[in-house]
Amino acid sequence: MDGNIAFTDEQWNTLVQGVAEAYDDLTLKRGFMLERIGGVQQLALSEERRLEAEIKESDGIRRVELALDFPAGGSCDCTDRKPCRHQAAALMKLARLHGRPVSALANAAAASSAKAAQVPEDGSSGTGKGNREQTDTGKQPSRAMGAANGRTAHAEDRNDRMTSASDVTEEEQAREASIEQASLLASSGISAWHRRFEQAAAALAGRTRNPKFAELTLAGIFEHMPPFRPGIEQLYRLNAHLFVLKTMMSSSTGYYAHLAVSDTSAAMQACLAAPLADREDAQVNERLNETIRLARRQMLTEDREQSAFSQAYYSLLRAWAAPLQATSPAERDDVYESELQYLMDEERELGRSLNRQAWLGANAWSRFCLKQDDKAKILLNEAADKPYFSLKKLPDFLVPLEESQEWDRLIGWLETFGPLLERARAGLADYGRLWDKMLIQRPEAEAIMWKTLGGMLPYASDFYEAKLLEHERWDDWMDVQLSTGAEPANFKVTDLAPIEKNAPEQLLPFYHQAVERFVEQRNRDGYKRAAKLLKRLEKLYKKLKREERWDVFMASFNARYGRLRALQEELKKGKLML
């Protein structure tokens, strides 16, 4: 477009008047929506003031030509009645580029109709007729008054009918315009959606980035959301949350920003909880693929400390993009092969800005879905070796295997995830539950479980000890306590009750070593604690019917520590002296 060509005020007013005369209000409203969502792709204005444009729609490109001095003419290769919405959109795009008010064109027909509907209220026209009516009224007052009242009532009734019809027409036009806007937005791609989101967020540009900002931004976006079909509406809402998430993470730090990110992520997961409607619709699939592309790019470029977009990406893949049940195995493989190819393309395009850890995790997931477990495990371990590794950045590899009852694969993946969970120190309860369920199906794998759990020490020691008690491996549990120097006082009576009931002899060395440590402290508190443990030892020996061994032990104990007067006093209090 020639930048030297400009509108004079007179030319602009002439164009607005010409548009008002040639276009109806609904066509202008549709043209306005089309221009606003970025439908005008190319625009050129010649020195002869002839406008040429290309308008993108879901079913192709429309080419427009018209003369600014005669907006009622021109041409468009669409099948709509002329002048059409494509011509209107081209004129509004031209106005926007030249800094003219687009609303003047969009409301031109409505403003012209409003002016035409105005009727003089003073009744000054027709003076002669008015004088004659006045004379007649003077001669026959009652008849003239009745006629006047009749005319007034008739006029009011006619005005009411016109107003009612006008309201209905405006409502229908607004509804049609809203439906048209929804159709245009649905076909225009998510880039147009995000431009609308930016416009909604612009009004809140000065606000602090906190949960209230996220709430108001989403409210502003959804307030002007047109009536989409269910599947498109779900994707529109999801993209709105992705937009807010991106805005918060790119421009804010601190506690409240982190809280807003967490809240937005939770709301996004709630969106994904419902199945995607119209999944087999071509337009829904197109918008879904664009959304996955956006989430993938954001995941592969987010900071190493962050995981919000990783969670969004995997949740989207599992909730809405997973192959349908009716899909054949070959088609399922094609889905994940395509995702692998997209990841390879992103690696080449992003270069040094690529988050390598996120890329490795995504690659491992696609390999896992293709049942290429060996390659997936290598990639996953490589990702775990990088800084800021967190299981929050990964999908759940284990539960899908449980749901599909692939027990042999589950054994291998439980073994792989043991060291990863040990590093993360999280998710151990579900991990243990899966081992238990798997052992019901594959009892022979118990040795693998204990080897894996043992390799997770010392960070997973509490979990390991709990599993030992759960499986009644009393001797192994006691070996752990003795090797780590655990104190009996660290356990509740109820914690040790199962061992005391089923294998009380395992507690003897545990208590004996603790007694010796307390006596070596050489203070009154240590002696008191030693005396308490000796009482418990006495009960255990009696329960085991080993009273003679108890007497031999106490005789030896008193011989070794007979000079410790404070200890002897505590033993007398506990009635432990022979």
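Trainee: Where does the largest share of the lining of the largest cavity come from?

Mentor: In this predicted model, the largest share comes from α15, which supplies three residues of that lining.

Trainee: How do you know which element gives the most to the lining of the largest pocket?

Mentor: The residues of the lining are counted by element, and α14 gives the most, with 10 residues. At least two residues each come from α12 (282-301), α13 (308-319), α14 (329-350), α15 (356-369) and α17 (398-403).

Trainee: How are the residues of the pocket lining divided by class?

Mentor: The lining of the largest pocket has 17 nonpolar, six polar and 14 charged residues, while that of the largest cavity has three nonpolar, six polar and four charged.

Trainee: Why is Phe397 called buried?

Mentor: Buried means under 20% relative accessible area, and Phe397 is called buried because its own value is 1%. Phe397 lies in the loop between α16 (373-384) and α17, and, leaving aside neighbours within four places in sequence, Phe397 is in contact with Ala364, Trp365, Phe368, Leu380, Trp413 and Phe417.

Trainee: Why is Glu472 called exposed?

Mentor: Exposed means over 50% relative accessible area, and Glu472 counts as exposed because its relative accessibility is 52%. This residue lies in the loop between α21 and α22, just after α21, and has a positive phi of about 60° although it is not a glycine.

Trainee: Is Arg49 buried or exposed?

Mentor: Arg49 is buried, because its relative accessible area is 12%, which sets it under the 20% cut-off. Arg49 also has a positive phi of about 60° without being a glycine, and is found in the loop between β1 (40-45) and β2.

Trainee: What makes β2 and β3 a pair of strands?

Mentor: Two strands pair if at least two bridges are found between them, and eight bridges join β2 (residues 50-57) to β3 (residues 60-67), which run antiparallel. Lys56 has Ile61 of β3 as its bridge partner, and a hairpin joins β2 to β3 through two residues.

Trainee: How do you know that β3 and β4 pair?

Mentor: The same cut-off of at least two bridges applies, and β3 and β4 (residues 70-76) have three, in the antiparallel sense. Ala67 stands opposite Phe70 in β4, and a hairpin of two residues joins these strands.

Trainee: Which residues of helix α21 are buried?

Mentor: In α21 (residues 461-470), the buried residues are Phe463, Tyr464, Glu465, Lys467 and Leu468, each under 20% relative accessible area by the meaning of the word. What covers them includes α19 (428-441), α20 (446-454) and α22 (474-484). In the loop between α20 and α21 is Pro458, which a cis peptide bond joins to Leu457, with omega about 5°.

Trainee: How much of the protein chain counts as buried?

Mentor: Of the 578 residues, 43% count as buried, again on the cut-off of under 20%. The accessible surface of the chain comes to about 31500 Å², of which 49% belongs to carbon and sulfur atoms.

Conventions:
Residues are numbered from 1 along each chain as its sequence is written. This is a predicted model: local features need pLDDT of at least 70, side-chain atom pairs count only at pLDDT 80 or more; totals for chains, interfaces and linings use all residues. Side-chain values use heavy atoms; hydrogens and water are left out. Helices (H or I, at least four residues) and strands (E, at least two) are DSSP runs, numbered from the N terminus. Ala, Val, Leu, Ile, Met, Phe, Trp, Tyr, Cys and Pro count as nonpolar, Asp, Glu, Lys and Arg as charged, and the others, Gly among them, as polar. Buried means under 20% relative accessible area, exposed over 50%, partly exposed in between (1.4 Å probe, protein chains only). Accessible areas come from the Shrake-Rupley method with a 1.4 Å probe; for residues, only the protein chains shown count as cover. Contact means heavy atoms within 4.5 Å.
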